[in-house]
Each structure stands twice: as C-alpha cells, then as structure tokens.
Amino acid sequence: MFSDIFFHQTVTYTRTEQEIIDFICKNPGVFLTASISQLAERLGISDASLSRLAKHAGYPDYKGLKAAVTGALSGAGPAQKLQGSLQNRKEGGLYAFLSQQQVCLQKTLELIDRAAFDQAAGLIASAHRIFLHGKGASRCLAQLLHFRLNRFRKDVFLMPSGGTELFEDLNRLSDRDLVICFGFQKLPREDSVLLSHARQIGCKSILFSSRVYAAETSQADISLLIYRGEPEEYHSMTAPMAVIDALIVQVAAAMGDEAVEPLERLHALKQKYYRELPG
C-alpha cells in the first residue's frame, strides 16, 4: 500500500497522526507544495504535531519526511494538476460538480490497489454466499451490489443496517462465505464487529474505504480505497459506484458462462412476457 513506503506499519500512531497520514497519502501534491504551517492550519493541528509524526515515523524531522515523499514522487500527478486547474476556474454548478467527480475518479485510479481489486473480484466470483452491509448513504452501494450479483444468481444477502437483527446474519456466517462492507470517513461500529467476527471464523471480507490508514489497519482481508473528496467537501457516490460497476464486469469475466447463462435466461423471460409486463 502507498503508506507502507513512508510510514512503518509496526509503529502505533495516535489518532491525530493517523489523520495526517491519511491526508498525505491521498494528497501528496498538496503535502509537497504546502509549508508546515499551511498544512497544520488546513488540518486544524499544530506545527509540532506534524514534526512529531515525522520523528515517530523514523525521520530526523519534518523536512526529512517531505524529502522522502519528494524523492518518490517526481512532482504532482495528473489528479493534482487537474485539481489545481479546477481551483482557478470560475464556472460553477453542473460543470464544477462533474469536473470534481473527474478528480475523484482519477485519484481513485491512483489510490486503488490493482492486485487487491483483482483478488476482490476472484473472491466474489468463488464465494459460496455473499453478505453485504451498508449503513447510511453507503446502503445504496450495498443495494447496487446486491442487484448486480443477484443477476448472476449468486446467493447474496443484504444485512440489516444495525440493531440486534444484525446478529441473526452474523450467526449464519461460515468460512465459505464472503462479507462486503463500506466505511468511508469512518468505519461504523457494526462493520468493526462484522469484520472482527468474520476474521475469527475464517470468513473472507472486503472493505470499501476512503481512508488510507483505516483501510490498512482494519481486519478486512482486502481493502479497496476510493477517493470521494476533501473532508469539507460534498461526498458523492460517483467514484464508489464506478468501482462497483468495474468490479461487476471483472466478476463476470471470472465467472464466465456461469454469469452469462443467468443473464440470457433473464433476457428470454423478458422477451416471453413483454406483452403482459411491458417496460
């Protein structure tokens, strides 16, 4: 993962340090161009907090950490360049919003681990049963996955958002199943319990997340990182839905005829009964 390059995973970082690491990993261009005071002001912390993180991570000082990132990244990538150009634009409304989604998609493409993505598709394709958990706005993502995978005739279940009913599905899990959950700005307590229980019984799990450090320290077997914007910005589901659709295509390729045949039967049913059930 990206943070492995600069931050030792054997070190236990404070909550504030985790937030800083997450910001640096998602915004290396901003980190490289901002002074320590500017970055501290943006994150709402002190200069000393940034200096302590650098030393905690094994660097002589903050400049040492910045030099390490500078050496690994030869300037800002395409996402940072695009974001910089957008900041100079005066257009608003639809154009600005859709342009920002382009930034989110580009950054997601840079952050996401391609090997992890392929592994996730393989797990979904081969899973005995799939249990999906989404809370709040993320529930629409779980519902989208449920709809798509159900078309492949996978045994897929949408778990309750919370409450004691969640334990009913927890009790059904086995080591042949797969759990998929979503934790973007923070991991819901339900997902923490779900991932912990899945790990204990040998059930594989996939986590969609937007926080680098949280994804790497979770108990999920596979974490897929998705960029949805800065903390103060409106967080759209454009990038997560795009990743899910790409994942579905990859799953279909992995399943082969096993995925195609149910879709062909579905099409045949629609053709057969289109007069009775038009549209």
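A nonpolar core is a set of buried Ala, Val, Leu, Ile, Met, Phe, Trp, Tyr and Cys residues joined through side-chain atoms within 4.5 Å, where buried means under 20% relative accessible area with a 1.4 Å probe, protein chains only. The model is predicted, so to speak of local features requires pLDDT of at least 70 and side-chain atom pairs count only at pLDDT 80 or more, while totals for chains, interfaces and linings use all residues. Numbering runs from 1 along each chain as its sequence is written, and side-chain values use heavy atoms, without hydrogens and water.

Begin with the whole chain. Its 14 helices and five strands are DSSP runs numbered from the N terminus (helices H or I, at least four residues; strands E, at least two). Of the 279 residues, 45% are buried.

Next, select Ile180 and Phe208, the residues with the most contacts inside the largest nonpolar core, which has 62 residues. Helix H13 (residues 238-255) gives this core its largest share, seven residues. A separate core of nine residues includes Phe131 and Leu194.

Now centre on Phe208. Beyond neighbours within four places in sequence, its contacts (heavy atoms within 4.5 Å) include Leu145, Ile180, Val243 and Leu247.

Finally, show H9 (residues 139-150) with H13. Their axes, lines fitted to C-alpha atoms over the stretch in contact, lie 11 Å apart at an angle of about 20°. H9 is therefore roughly parallel to H13, a term for angles under 35 degrees, taken between N-to-C directions on a scale from 0 to 180 degrees. Among the residues making the contact are Leu141 and Leu145 of H9 and Ile244 and Ile248 of H13.

Note on methods:
Buried means under 20% relative accessible area, exposed over 50%, partly exposed in between (1.4 Å probe, protein chains only). Angles under 35 degrees count as roughly parallel, over 145 as roughly antiparallel, 65 to 115 as roughly perpendicular and the rest as oblique.
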